[in-house]
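Here is a short briefing to read alongside the model. Have the 3D view open and follow the topics one by one.

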Amino acid sequence: MSNVFIHAENLSYSYEEDGGKDKHPALQNFSVDIREGEYVAVLGHNGSGKSTFAKLLNLILEPTDGILTVGGVDLTDPDIEDAVLLEHRRRVGMVFQNPDNQLVATIVEQDVAFGPENLGVEREELRRRVDSALETVGMTQYAQHEPHRLSGGQKQRVAIAGVLAMMPKCVVFDESTAMLDPGGRREVLDTIRMLNREYGMTVLNITHYMNEAAEADRVIVINDGELLMDGTPDEVFSRREELREVGLEVPQCTELIHRLRREGISLEGDTVSTPEACAALLEAAYTKLSKS
Ligand code: ADP
Ligand code: MG
């Protein structure tokens, strides 16, 4: 088993402004361990604390209570040195929802160079990193293009390249596909999966698309700032009723399997969210149709 990369123990965070003391903390007694190289989807309805967790990981927010270590760095240490913090931010990259808010330069390759340049990476090394990052996300041919003319999916891939040029160990995607059309979403998801599978990067994908979550190795569900579920996509999505109670659906494939079984139609296997499950589903539907 690989090393634990993110260790959260009874982690809490409260926003001080406007709520006062009565306000429910945004994150409460939240405990989770995420290992190096894991691909984890994070689910939860709006306001459940997903982005708060993401911001804590990058120390955009400081924990109110509890333990949080990321890559061996104790993020609750009040005396954390600036150099350590900077190095930490480099190692945990963030990709946000709106691609337009993340692109800063007028030429794609300058945009990708922005982060490492600010870290003082030397010219030659910078060139190498920018080329390699663009290559990784499949955007080499757009190096000299203007970012604002790209499609949403392409913009997000440039944003991802900008993060990769910092050579992170972990990338957190906070609803990074939410503003994209289905094609753009697929491009970004394929990129996320490749970063995990081929580069061994630890990936957290915060999403409200259940089909996306089903592609991860592990799914965690946050509800009202607390950890509600943690398991494989199959384990989590087989808890359909409980998910519904907290305002979440299951993937379409899972839902269909559930409804067909309720109708007495038998389906191979017991997975409910994988490509195999979808294949079994298709087969059952086909058999049923050819009988009627
Ligand atoms: P999610 O990303 O799951 O939608 P958030 O982490 O953004 O949820 O929010 C969790 C809770 O914290 C919500 O109740 C939200 O209203 C509150 N919250 C988020 N950001 C702020 C803020 N800047 N100030 C005060 N409350 C906030
Ligand atoms: Mg959010």
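The shell around ligand 1 is made up of two nonpolar, seven polar and three charged residues; here Ala, Val, Leu, Ile, Met, Phe, Trp, Tyr, Cys and Pro count as nonpolar, Asp, Glu, Lys and Arg as charged, and the others, Gly among them, as polar. This is a predicted model, in which local features need pLDDT of at least 70 and side-chain atom pairs count only at pLDDT 80 or more, while totals for chains, interfaces and linings use all residues. Residues are numbered from 1 along each chain as its sequence is written, chains are lettered from A and ligands numbered from 1 in the order in which they are written, and side-chain values use heavy atoms, with hydrogens and water left out.

**Around ligand 1**

- Which residues come nearest to ligand 1? Of the 12 around it, they are G47, G49, K50, S51 and T52; a residue is near if one of its heavy atoms lies within 4 Å.
- A backbone N or O atom of G47 is found 2.7 Å from an oxygen atom of ligand 1, a polar contact being a pair of N or O atoms within 3.5 Å.
- On its own, ligand 1 exposes 560 Å², and the protein buries 66% of that (Shrake-Rupley method, 1.4 Å probe).

**The six-stranded sheet**

- This open sheet runs in the order β6-β7-β8-β3-β9-β10, with mixed pairing; strands are DSSP runs of E with at least two residues, helices are runs of H or I with at least four, and both are numbered from the N terminus.
- β6 (92-95) and β10 (226-231) are the edges, each with a single partner strand, so one side of each has no neighbour in the sheet; two strands pair if DSSP finds at least two bridges between them.
- On average, neighbouring strands of this sheet are turned by 20 degrees against each other, direction ignored.
- β3 (residues 39-43) and β9 (residues 218-223) run parallel and are joined by four bridges, and L43 sits opposite V221 in β9.
- Helix α7 (residues 182-199) packs on the sheet, touching β3, β7 (170-174) and β8 (202-206), where contact means heavy atoms within 4.5 Å.
- The direction of α7 makes about 135 degrees with that of β3; axes are lines fitted to C-alpha atoms, for helices over the stretch in contact, and angles run from 0 to 180 degrees between N-to-C directions.

**The four-stranded sheet**

- A second open sheet has the order β2-β1-β4-β5 and antiparallel pairing.
- β2 (27-35) and β5 (73-74) are its edge strands, each pairing on one side only.
- Two bridges link β4 (residues 65-70) to β5, with V70 opposite V73.
- Helix α1 (residues 50-57) packs on this sheet, touching β1 (4-13), β2 and β4, and its direction makes about 120 degrees with that of β1.

**Backbone angles**

- Most residues other than glycine have a negative phi.
- N29, in strand β2, has a positive phi near 45 degrees.
- D224, in the loop between β9 and β10, has a positive phi of about 45 degrees.

Conventions:
Polar contact = N/O pair within 3.5 Å; in protein donor to acceptor, adjacent residues only side chain to side chain.
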